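Hi,

Here is the structure I promised to pass on.

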Amino acid sequence: MKKLLVLQKIIEVGSFTKAASLLGYTQSSLSQIIASLEDEFSIKLLKRSRSGVSLTPEGKKLYPYIQRSIQQYQATYEMAKEIKGLQTGVVSIGAVASISRHWLPNLIKEFQTQYPDIHFVLRQGDYDLIREWIKIGKVDFGFLTPAISQDLKTVPVKKGSMVVVASLKNSLAKKNLISIKELTKDPFILLEEGSYSEPLNAFKKVNSIPNIKYRIHDDNTIMTMVEADLGISILSKLVLTRTNFNIACLETEPQIERTISIAYRDKLSLPIASKHFIDFLLSKKDQLD
């Protein structure tokens, strides 16, 4: 393959001297390589003239096959690099609590059945922190809402609805459906997830302001406080799966939805292991609750 690559470079630059300089060879060693290649094929491949080096008529017929061989070799080499990368890679992810708790454990476990030596670094934070981690390279990619991802590349993963959570002692617990405007009287416990909040945006859309009494970063703490009848909140349905809190969950009118996307700076610059994990995750997105 080395001989074919040398030939390709000579044709590309049109000169033995330039090719030798670019490849780090002497001009005489390049001449010997081409002579050896011509002996193997029993064909004169190159001709020299005052204007430079060019293919002979026989060389022109053979050269497309040589190019295809080089392309196939390069593709094989890149695949070998990917396989090696997947043997020892690290995947660094930024996620909010609901994603890191409910989506990632099973995804990581299944991915590692195929690639057992891939290691994961999971950083949990709010949307603003995750966006900053992506921008400075602290994580390879993260899960964000598109509303704060304008300066990053994003791929939608899933839409999910949000519901009101209230104590069973609260009069709201008797309702199956509640308007967002009805939520302004009770003390409101806001889940702090950064500068953008789906619940606050929902209130804004109906020209209402919640009576915020607490700002909490952890959804489990919020559910504990709701259970103690300290206020109501709006949480993703995702965080309410596999919990045993004695609280009521109410659908809203209008319905509140959040979209979760994978965000990164540039997929081409991502580590190989992270590229594969993103593709794997997207192939499983319909199975995510």
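Below are notes on one helix, on a helix pair and on a lysine beside that pair.

This is a predicted model, in which local features need pLDDT of at least 70, side-chain atom pairs count only at pLDDT 80 or more, and totals for chains, interfaces and linings use all residues. Residues are numbered from 1 along each chain as its sequence is written, and side-chain values use heavy atoms, with hydrogens and water left out.

Let me start with α7, residues 127-136 (helices are DSSP runs of H or I, at least four residues, and strands are runs of E, at least two, numbered from the N terminus). Y127, I130, W133 and I134 are buried there (under 20% relative accessible area with a 1.4 Å probe, protein chains only). These four sit on the same side of α7, because they cover an arc of only 125 degrees around the axis (taken from the directions from the helix axis to the C-beta atoms). Their cover includes the strands β3, β4, β5 and β12 as well as helix α8. Just after α7, G137 has a positive phi of about 85 degrees.

Next, α6 (104-114) packs against α10 (272-283) at an angle of about 115 degrees, with the axes 11 Å apart (lines fitted to C-alpha atoms over the stretch in contact, with angles from 0 to 180 degrees between N-to-C directions). Among the residues making this contact are L107 and F111 of α6 and F277 and F280 of α10 (contact means heavy atoms within 4.5 Å).

Finally, K284 lies in the segment after α10. K284 counts as buried because its relative accessibility is 17%, and K284 touches L107 and E110, leaving aside residues up to four places away in sequence.

Best wishes

Notes. Buried < 20%, exposed > 50% of the residue type's maximum accessible area, 1.4 Å probe, protein only.
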